[in-house]
Amino acid sequence: MEKKRNLSQYKEEEIPFSDDKHHTIAIVVAEWNSEITYSMKDACIDTLLQHGVKRNQIIVKQVAGSFELPFVAKQVILHQNADAVICIGCIIQGETRHFDFIAQATANGIMNVGLECNVPVIFGVLTTNNMQQAIDRAGGKHGNKGTEAAVTCLKMLSL
């Protein structure tokens, strides 16, 4: 696969998704760095709608930060029968090792929920060195990671 400059560029034929099964898709979004995460959430929802997912099939849950994403992802799978979960967050490098611990725990947690529940759980979490890199990936020059997460989700549901 070629490396793309804009992460949101894809070909329609790359997504063999059909919503004949009326999938329920949950989006769990962190409130921390909300100017970034809400832009990603909006792009994610728009992409799902463009590919035939109905608005009433999309569950949106908000959590305080990225660290809380895996717990709520598991809850929507277990209690709201989500067929897939898209986790959206933004962790920006600071001056301490806090970034490393949160990013690692979040990534492992999201992966483990998918494996434990046998449901696609998509990692839509930015881990950037600074705010500008996050802006560039949440609707800026590198597209919108929310779109990429939605496309990944649709591809996983098509398997």
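These legends accompany close-up views of charged side chains in a predicted model.

View 1. The charged end of Lys41 lies over the ring of Tyr38, 5.1 Å from its centre (NZ of Lys or CZ of Arg within 6 Å of the ring centre and within 35 degrees of the ring normal). Lys41 also joins Asp42 in a salt bridge, 3.5 Å from N to O (a side-chain nitrogen of Lys or Arg within 4 Å of a carboxyl oxygen of Asp or Glu). Lys41 is buried at 14% relative accessibility, while Asp42 is partly exposed at 40% (buried is under 20% relative accessible area, exposed over 50%, partly exposed in between, with a 1.4 Å probe and protein chains only).

**View 2. Lys74 meets Glu116.** The closest N and O atoms of this salt bridge are 2.9 Å apart. Lys74 belongs to helix H2 (residues 69-80) and Glu116 to helix H3 (residues 98-117), so the pair ties together parts 42 residues apart in sequence. Helices are DSSP runs of H or I, at least four residues, numbered from the N terminus. Lys74 is partly exposed at 28%; Glu116 is exposed at 53%.

**View 3. Lys145 and Glu148 in helix H5.** Here the closest N and O atoms of the salt bridge are 3.6 Å apart. The two residues are three apart in helix H5 (residues 145-157), about one helical turn. Lys145 is buried at 16%, and Glu148 partly exposed at 25%.

**Notes.** Residues are numbered from 1 along each chain as its sequence is written, and side-chain values use heavy atoms, without hydrogens or water. Local features need pLDDT of at least 70 and side-chain atom pairs 80 or more, whereas totals for chains, interfaces and linings use all residues.
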